[in-house]
Amino acid sequence: KKHTRYEMVNARGREPQPAHGRVLFTYDVTWEEDKWVDWPSRWDIYVTMDNAIPVYVHWISIGNTLIVLFGIWAIPTILMVRNLRS
């Protein structure tokens, strides 16, 4: 069996076909080199994201992490102290 390629789906005169039998799901990735992006700045688009995510969201995430860490630390500590006192 052949894997479905982009050209197979979007070829001229190609009509939709009813689904039947076993369906093979695939996808293609095309890597294109961008000579305009320097190696050290390749992650800048993901780090900055042009203020797509407000700064306070990061602080909420940090606060949430600290609360969870405190809970993970506090519960065993309380249990240990109660067991050691008795």
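This report walks through the fold, the surface and the side-chain contacts of the protein shown above.

**Fold and confidence**

Please keep in mind that this is a predicted model. The protein is built from three helices and has zero strands, giving the pattern α-α-α when read along the sequence. Confidence is highest in helix α3, at a mean of 92, and lowest in helix α1 (residues 6–9), at 68. Helix α3 covers residues 55–85.

**Surface**

What share of the 86 residues counts as buried? The figure is 1%. The accessible surface of the protein comes to about 9500 Å², and carbon and sulfur atoms account for 63% of that surface.

One feature to look for on screen is a nonpolar surface patch of about 640 Å². Its members are Trp59, Ile62, Leu66, Val68, Leu69 and Ile72. Leu66, one of these patch residues, sits in helix α3. Leu66 counts as exposed because its relative accessibility is 54%, and the cut-off for exposed is over 50%.

The structure holds one aromatic pair. The partners are Phe70 and Trp73, and their ring centres lie 5.8 Å apart with the planes at 40 degrees, so the pair is tilted. Why tilted? An angle under 30 degrees would count as stacked and one over 60 as edge-to-face, so 40 degrees falls into the remaining class. Both Phe70 and Trp73 belong to helix α3, and they are three residues apart, about one turn of the helix. Phe70 is exposed at 54% relative accessibility, and Trp73 is exposed as well, with a relative accessible area of 54%.

**A salt bridge**

Side chains of opposite charge can pair when their charged atoms come close. How many salt bridges does a search of the whole structure find? It finds one. Glu33 and Lys35 are the partners, with 3.8 Å between the closest N and O atoms. That distance qualifies because the limit for a salt bridge is within 4 Å. Glu33 is exposed at a relative accessible area of 70%, and Lys35 is exposed at 67%.

| Residue | Relative accessible area |
|---|---|
| Glu33 | 70% |
| Lys35 | 67% |
| Leu66 | 54% |
| Phe70 | 54% |
| Trp73 | 54% |

Methods: Residues numbered from 1 in each chain as written. Predicted model: local features only at pLDDT ≥ 70, side-chain atom pairs only at ≥ 80, totals over all residues. Heavy atoms only, no water. Phe/Tyr/Trp six-rings, centres within 6.5 Å; stacked < 30°, edge-to-face > 60°. Helix = DSSP H or I, 4+ residues; strand = E, 2+ residues; numbered from the N terminus. Buried < 20%, exposed > 50% of the residue type's maximum accessible area, 1.4 Å probe, protein only. Areas by Shrake-Rupley, 256 points an atom, 1.4 Å probe, with all protein chains shown as cover. pLDDT = per-residue confidence, 0-100. Patch = residues over 30% accessible without salt bridge, like charges linked within 9 Å, V, L, I, M, F, W, Y side chains within 5 Å. Salt bridge = Lys/Arg side-chain N within 4 Å of Asp/Glu carboxyl O.
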